[in-house]
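What follows is a walk through one protein structure, from its surface to its individual residues. Please keep the sequence and the structure in view while reading.

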Amino acid sequence: MFDCPNCQTKVPKVKALTLNRFSKVECSKCHITLTPNNKMIVKIGAVGGGVGAFAAALAFQMIGLIGVLIVLIIGGYLFVEYTVANLEFDITES
């Protein structure tokens with residue numbers, strides 16, 4: 001879960017995982033619309049893709065297919081946790 005920047009109410013993590021440049025999240029308590037910051041989404045995609053590809057290639061060379069699966073599972077979980085904790089939103093009144 002992440003906090004609404006306006007009222008600090010918890011917003012479900014599932015809503016954060018489905019964000020893209022066109023999606024919006026409405027806070028259930030204060031009813032403001034949270035739009036993800038586009039620059040932040042581009043940074044998350046670029047860094048996540050680059051680090052993920054490098055880690056998967058390195059794990060495949062060192063350990064094989066099992067290593068790739070382990071790295072992707074652990075790395076994916078850590079990436080999602082970091083991403084949700086560091087989301088930036090633009091606030092608009094609804």
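Which helix gives the most to the nonpolar patch? Helix α3, residues 65-85, does, with eight residues. The patch has an area of about 990 Å² and is made by F60, L65, I66, L69, I70, I73, I74, Y77 and L78. One of these residues, I74, has its place in helix α3. A patch of this kind is made of residues with over 30% relative accessible area and no salt bridge, and nonpolar side chains (Val, Leu, Ile, Met, Phe, Trp, Tyr) are joined within 5 Å, like charges within 9 Å. The salt bridge excluded here is a side-chain nitrogen of Lys or Arg within 4 Å of a carboxyl oxygen of Asp or Glu. An α-helix has 3.6 residues a turn, so residues three or four places apart point the same way.

The model is predicted: local features need pLDDT of at least 70 and side-chain atom pairs count only at pLDDT 80 or more, while totals for chains, interfaces and linings use all residues. Residues are numbered from 1 along each chain as its sequence is written, and side-chain values use heavy atoms, with hydrogens and water left out.

The protein has three helices and five strands, in the order β-β-α-β-β-α-α-β along the sequence. These elements are DSSP runs numbered from the N terminus, with H or I and at least four residues for helices, and E and at least two residues for strands. Accessible areas come from the Shrake-Rupley method with a 1.4 Å probe, and for residues only the protein chains shown count as cover. Of the 94 residues, 28% are buried; buried means under 20% relative accessible area, exposed means over 50%, and partly exposed lies in between (1.4 Å probe, protein chains only). Among contacts (heavy atoms within 4.5 Å) with a separation of 6 or more, 53% join residues 24 or more positions apart.

Helix α2 covers residues 38-62, 25 residues in total. From its first C-alpha to its last, α2 reaches 36 Å, close to the 36 Å expected at 1.5 Å a residue; the expected span is 1.5 Å times one less than the number of residues. M40, I44, A56 and A59 are the buried residues of α2. After α2 comes G64, with a positive phi near 105 degrees.

Two residues other than glycine also have a positive phi. Q8, with phi of about 65 degrees, sits in the loop between β1 (2-3) and β2 (10-11). Q8 is partly exposed, at 49% relative accessible area. H31, with phi near 60 degrees, lies in the loop between β3 and β4 (32-36) and is partly exposed at 43%.

How many disulfides does a search of the whole structure find? The search finds zero, where a disulfide is a pair of cysteine sulfur atoms within 2.5 Å. For C27, the closest cysteine sulfur is in C7, 3.6 Å away, so the distance is too far for a bond. C27 is buried, with a relative accessible area of 2%. C30 is also in no disulfide, and its nearest cysteine sulfur, that of C27, is 3.6 Å away. C30 counts as partly exposed, at 25% relative accessibility.

Is F22 buried or exposed? F22 counts as exposed, at 72% relative accessibility. Its place is in the loop between α1 (13-17) and β3 (25-26). The C-alpha atoms of F22 and N38 are 9.2 Å apart, and the two residues are 16 residues apart along the chain.

L34, found in strand β4, is buried, with a relative accessible area of 0%. Its C-alpha atom is 5.7 Å from that of K24, and L34 and K24 are 10 residues apart along the chain.
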